[in-house]
Amino acid sequence: MALLKVDVVSTEREIYSGEARFVAVPGKMGELGVLPGHTPLLTPVRPGTVRIESEDGTDTYLYIAGGFVEIQPDRVTILADTAMRAESLDEARAERAREEASALIETQSGDIDYAKARAELAEAVAQLDAIKRMRKQKQSK
């Protein structure tokens, strides 16, 4: 069976390096599913969950917040602004960030940066989604 070489790197360090039979990446225009032999592609990514399915069928979940993905027929490289393993995320902190960003957007006062608040909200929701997906996987085992 053909496999993909997968590397996920943040601005600080390498988060993941290994082989996979499938990778799901949150692309800017929607989720990308990547199998060996995929057409070459370079595209921005949005905050969300990367799912890496290994050869034995186990999934690894990573949270990324922006960056780029380069896809080659035998390789996927994700260069993320921020990246971390889903199990490293703090659910309570992400929930507080989501609530604070939602409250800022709802107040509609003239002195807030709506683009920044929306970006913070998107990141918090993506972190919570990564935690939820990881929990679901653990419960199904």
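Visitor: What makes β1 and β9 a parallel pair?

Guide: Two strands pair if DSSP finds at least two bridges between them. Strand β1 (residues 4–9) and strand β9 (residues 75–80) have five bridges and run in the parallel sense, so they meet that rule. Strands here are DSSP runs of E, at least two residues, numbered from the N terminus. Before we go on: this is a predicted model, with local features needing pLDDT of at least 70 and side-chain atom pairs pLDDT 80 or more, while totals for chains, interfaces and linings use all residues. Residues count from 1 along each chain as its sequence is written, and side-chain values use heavy atoms, leaving out hydrogens and water.

Visitor: How do you know that β8 and β9 pair, and in which sense?

Guide: Six bridges join β8 (residues 67–72) to β9, and the two run antiparallel. V69 sits opposite I78 in β9. They make a hairpin, with two residues between them.

Visitor: Why is a group of residues called a nonpolar core?

Guide: Because its members are buried Ala, Val, Leu, Ile, Met, Phe, Trp, Tyr and Cys residues joined through side-chain atoms within 4.5 Å; buried means under 20% relative accessible area with a 1.4 Å probe, protein chains only. The largest one here has 21 residues, and V6, V23, V69 and I78 are among those with the most contacts inside it. β1, β8 and β9 are among the strands that each supply at least two of its residues.

Notes: Helix = DSSP H or I, 4+ residues; strand = E, 2+ residues; numbered from the N terminus. Buried < 20%, exposed > 50% of the residue type's maximum accessible area, 1.4 Å probe, protein only.
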